[in-house]
Amino acid sequence: MSELLRIEDLHVSFKTDDGAVRAVDGVSLTLNAGETVAIVGESGSGKTVTSLSVMGLHKKGSAQISGSISLNDGGTFKDVVSLNDEQIRDIRGRAVAMIFQDPMSSLHPYYKIGNQLAEAYLVHNPGKKKEAMARAIEMLDLVGIPEPAKRAVEFPHQFSGGMRQRVMIAMALMNSPQILIADEPTTALDVTVQAQILALLSKLKKEFNMGILLITHDLGVVAQVADRVNVMYAGRIVEEGPVDDLFYSPLAPYTLGLLKSVPRVSSKNERLKAIPGQPPSLINLPVGCPFAPRCEYKQHSSEAGCNTTKPALIGTSATHRSRCHIPEALRHDLFAKELKELQS
Amino acid sequence: MLKFIGRRAIFAALTILIVSAVVFGIFSLLPFDPAALTCGQRCTDQIVEANRIRLGFDKPIYEQYWLFLSGIFLGRTYGSGSSAFSCPAPSFGYSFNENACVTNMLVEALPITISLAIGALLLWLTVGIGLGIVAAKFKNRWPDTGSSVFVLLATSLPTFVTGLALLIWVTIKWKLVPLSLSGYVSIFDNPFGFFQYFILPWITLAIAYAAIYTRFTRAALLETLGEDYIRTARAKGVGERVVFFKHTLRAVLAPLITLAGLDFAGLIGGAIITETIFNLPGLGRLTLRSVYEFDLSVVLATTILAATVVIVMNLIVDMLYAVLDPRVRIT
């Protein structure tokens, strides 16, 4: 498998009047061709900020970025962090494309669908208007929009939400990018449409041999399409690993908390098991483990480390790594027991 | 589209009818004897009574209104025999103060007001939108601050101050624009004279509006720049300049046109202060004079005219909006 994206020790902070907000704090991850890597976390965990960094879409001046984001652009690796505006613009939409959460507002209301798609092609292939239009119709067809030639001359408001997300996907595919970033692509859609869009993304991934970076807070979506998962909390990855490992033997207390908070039919008449408390302020992060104030397993930690030092991301196997001060064997047993209770 | 225009035209005609009836009704309620106002101080009862009959003020109010309405379409003849005189259709009545048919007075005043309004509109659109773009593009930097200063000054200075200041400095002290003594000349006869005649009134009127348009354009552009579809454009790799001048500006156009249409309609009713300062014999000054002199037929006519322009401009703006914004459907 060829590597498409390697993010190393990415830090992103935003200056505000109250101090610097450390939205992303040392994130590293990789994405290979033909796989879907998910970034999971609640609002404000830094998952969207990470993805926008890959696109170089942060507002100039407001975001301070360090680390490296090396991106495979047709065989040569480019570091997005150190590229200038013009070089990033050249990559956007061509080597890496992005689809967004809200398809209702992500398309320009005043331009025809076909023209909006064609523009994505024309930006990188100036002057080739005819080709661009032909490709727009071809892509609309590919994402399952019936009568694409007719629909191409319609405006976004004439499309339903699911159809608009298909249009967004078609737009992202205009230049056959190797990397597709999908930022909560199904959050704004109803459940039946969600399944269709996810199936479509999986199909296209194979067809284009793309790598998909999937940003979501929905574990159901992750289970359905992801190969590997990164769980983020307070700007850091707290657990990463293959999707099965994460779902069947989670090792970070936060991951377990997420799994437990998924509502189940069998748990009727019970309160949802939400993680107590709130995520920490990204302006003053706690000195110790950022999750410690909410963690129910703190007492199992052998040292008083939870409140004083941040745990490192340590591998339990070559692929499965997590952050926690509690000894790994202990976590394994504890969490396995809890999961069993949950499933029974 | 035709159906829409037809329906709106009927609606517009009805509205104008109601407006004219209301204005007519108000004037009939005023504690003045319209016949007594038709002659000066050395008036005798006989003359007043004769004028009352000549102008139809002796008839009941609904009949007077009917005569007024039919006059618009058929013209109107006042009095009978050798003393009879008539105002051809469309007749909006007769002004005794000026001894003229109201329609003729309107026809004389209208080109001046329209020239004033169009010139000022073009000027304030150029300046307002231009400054708004600059302010948005250089948000929180010196061009933005500069435009804020302009906006603050222009909105807080009343028209009669800017107008008089321009008149005193530009015309009298610096003699940049000659004081126009010859009066209004048509743009077709003497374009240069036309510009000299109107340049200061245009600037006076445009300053106040340009400030509003600068604010509006800046705010609308900045709001649009935060929209999801602008992020989509950037994600496609579209350059910043195209993002700004194509994607963003395009979205701001429709509301701007609406605003401009309605402001323009308001001005046709007469820019009373500006016309008075610069002594322009337009509709605004005509209205003002008629109000002072209780020249009721003229007030009635200008009121109806202003209402008609507003209604018609509304119709035009609605149609333009449908052209500019595909989400708006005309049915």
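Student: Which residue stands opposite A:Arg6 in strand 4 of chain A?

Tutor: Start with the general idea. Strands of a sheet pair through backbone hydrogen bonds, either parallel or antiparallel. Here, in this predicted model, A:Arg6 stands opposite A:Ser70 in strand 4 of chain A. Strand 1 (residues 3-16) and strand 4 (residues 63-73) of chain A pair in the antiparallel sense, over eight bridges. Two strands count as paired if DSSP finds at least two bridges between them. Strands (E, at least two residues) and helices (H or I, at least four) are DSSP runs, numbered from the N terminus.

Student: What are the ground rules for numbering and confidence?

Tutor: Residues are numbered from 1 along each chain as its sequence is written, and chains are lettered from A and ligands numbered from 1 in the order in which they are written. The model is predicted, so local features need pLDDT of at least 70, side-chain atom pairs count only at pLDDT 80 or more, and totals for chains, interfaces and linings use all residues; side-chain values use heavy atoms, with hydrogens and water left out.

Student: What is the strand order of the open sheet of four strands in chain A?

Tutor: The order is 2-1-4-5, with antiparallel pairing. Strand 2 (19-32) and strand 5 (76-79) of chain A are the edges, each pairing on one side only. The twist averages 10° from one strand to the next. Angles run from 0 to 180 degrees between N-to-C directions, with axes fitted to C-alpha atoms, for helices over the stretch in contact.

Student: Which strands does helix 1 of chain A lie across?

Tutor: Helix 1 (residues 47-55) lies across strand 1, strand 2 and strand 4 of chain A. Its direction is at about 110° to strand 1 of chain A. Contact means heavy atoms within 4.5 Å.

Student: How does the sheet of eight strands in chain A pair?

Tutor: The pairing is mixed, in an open sheet with the order 6-7-8-3-9-10-12-11. The edges are strand 6 (96-99) and strand 11 (313-315) of chain A. Neighbouring strands are turned by 20° against each other on average, direction ignored. Strand 7 (residues 179-183) and strand 8 (residues 211-216) of chain A pair in the parallel sense over five bridges. There, A:Ala182 stands opposite A:Leu214. Helix 6 (residues 161-173) of chain A packs on this sheet, touching strand 6 and strand 7 and making about 170° with strand 6 of chain A.

Student: How is the interface of chain B and chain A sized up?

Tutor: The size of an interface is often given as the accessible area lost when the parts come together. Chain B and chain A bury about 2,100 Å² between them, 59% of it on carbon and sulfur atoms. That area uses a 1.4 Å probe and is summed over both parts. B:Arg231, B:Lys236 and B:Pro326 supply 28% of the area that chain B buries against chain A, more than any other three residues.

Student: How many salt bridges does the rule find across the interface of chain B and chain A?

Tutor: Two. The rule asks for a side-chain nitrogen of Lys or Arg within 4 Å of a carboxyl oxygen of Asp or Glu. A:Glu119 forms a salt bridge with B:Lys236, with the closest N and O atoms 2.8 Å apart. Helix 8 (228-236) of chain B gives the largest share of the side of chain B that touches chain A, seven residues.

Student: Where does the cis peptide bond in chain B fall?

Tutor: Between B:Ala89 and B:Pro90, with omega about -5°. B:Pro90 is in the loop between strand 2 (85-87) and strand 3 (94-95) of chain B.

Methods
Buried area is the accessible area (1.4 Å probe) that two parts lose on being put together, summed over both.
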